[in-house]
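Dear colleague,

Please find below the structure that I am handing over to you.

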Amino acid sequence: MRVIGHRGCPGKAVENTLESLRIAASEGADGVEFDVQLTADGEPVLFHDSDLRRLAASPQRLWQLDWRELRDIDLRIGALRPQRAPHLDAVL
């Protein structure tokens, strides 16, 4: 059986972030699944939702933000440490 980290390890770090992917790997996941979308300026980033409501309490749509804008936004969920959305290049 293979263990795949869905969006990394979202129970221990904000989903689709470098920390979430690292934790999944360190806990023995055979692989990780993550979501990639394009920003307004065409940059590929790890992000699942179409807007920032759930992770940043903002109604902005991902496709309306440039990479320079998105990379400075803290993403939060519950009591987990805030993280930033990574560029796909940082993951690969």
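The notes below go from the overall fold to the charged side chains and then to individual residues.

This is a predicted model, in which local features need pLDDT of at least 70 and side-chain atom pairs count only at pLDDT 80 or more, while totals for chains, interfaces and linings use all residues. Residues are numbered from 1 along each chain as its sequence is written, and side-chain values use heavy atoms, with hydrogens and water left out.

Overall fold

The chain contains four strands and four helices. Here helices (H or I, at least four residues) and strands (E, at least two) are DSSP runs, numbered from the N terminus. Read from the N terminus, the order of the elements is β-α-β-β-β-α-α-α. The chain is as compact as a globular protein of its length, because its radius of gyration is 13 Å, close to the 12 Å that the globule rule gives for 92 residues. That radius is taken over C-alpha atoms, and the globule rule is 2.2 Å times the number of residues to the power 0.38. Along the principal axes, the C-alpha atoms fill a box of roughly 40 × 30 × 15 Å.

Of the 92 residues, 40% are buried. A residue is called buried under 20% relative accessible area, exposed over 50% and partly exposed in between (1.4 Å probe, protein chains only). The accessible surface of the chain is about 5400 Å², and carbon and sulfur atoms contribute 50% of it. These areas come from the Shrake-Rupley method with a 1.4 Å probe; for residues, only the protein chains shown count as cover. Among contacts with a separation of 6 or more, 46% are between residues 24 or more positions apart, a contact being heavy atoms within 4.5 Å.

Charges and salt bridges

With a salt bridge defined as a side-chain nitrogen of Lys or Arg within 4 Å of a carboxyl oxygen of Asp or Glu, the count comes to eleven. One of them joins Glu 27 and Lys 12, at 2.5 Å from N to O. This pair links distant parts of the chain: Glu 27 is in the loop between α1 (18–26) and β2 (31–33), Lys 12 is in the loop between β1 (4–6) and α1, and the two are 15 residues apart. Glu 27 is partly exposed at 47% relative accessible area, and Lys 12 is partly exposed with a value of 47%.

A salt bridge also connects Arg 54 and Asp 49 (2.8 Å, N to O). Arg 54 is partly exposed at 37%, whereas Asp 49 is buried at 14%. Both belong to a network of salt bridges that links Arg 7, Glu 15, Asp 35, Asp 49 and Arg 54. In the salt bridge between Arg 76 and Asp 74, the closest N and O atoms are 3.7 Å apart. Arg 76 is partly exposed at 45%, and Asp 74 is partly exposed at 32%.

Individual residues

Arg 7, a member of that network, lies in the loop between β1 and α1. Arg 7 is buried, with a relative accessible area of 15%, and has a positive phi near 60° although it is not a glycine. Asn 16 is in the loop between β1 and α1 and has a positive phi of about 55°, again without being a glycine. Asn 16 is buried at 2%.

Phe 34 lies in the loop between β2 and β3 (36–38) and is partly exposed at 26%. Its neighbours within four places in sequence aside, Phe 34 is in contact with Asn 16, Leu 21, Leu 46, Leu 88 and Val 91.

In α1, the buried residues are Glu 19, Ser 20, Leu 21, Ile 23 and Ala 24. They pack against β2, β4 (44–46) and α4 (88–91). Just after α1, Gly 28 has a positive phi of about 100°.

With kind regards
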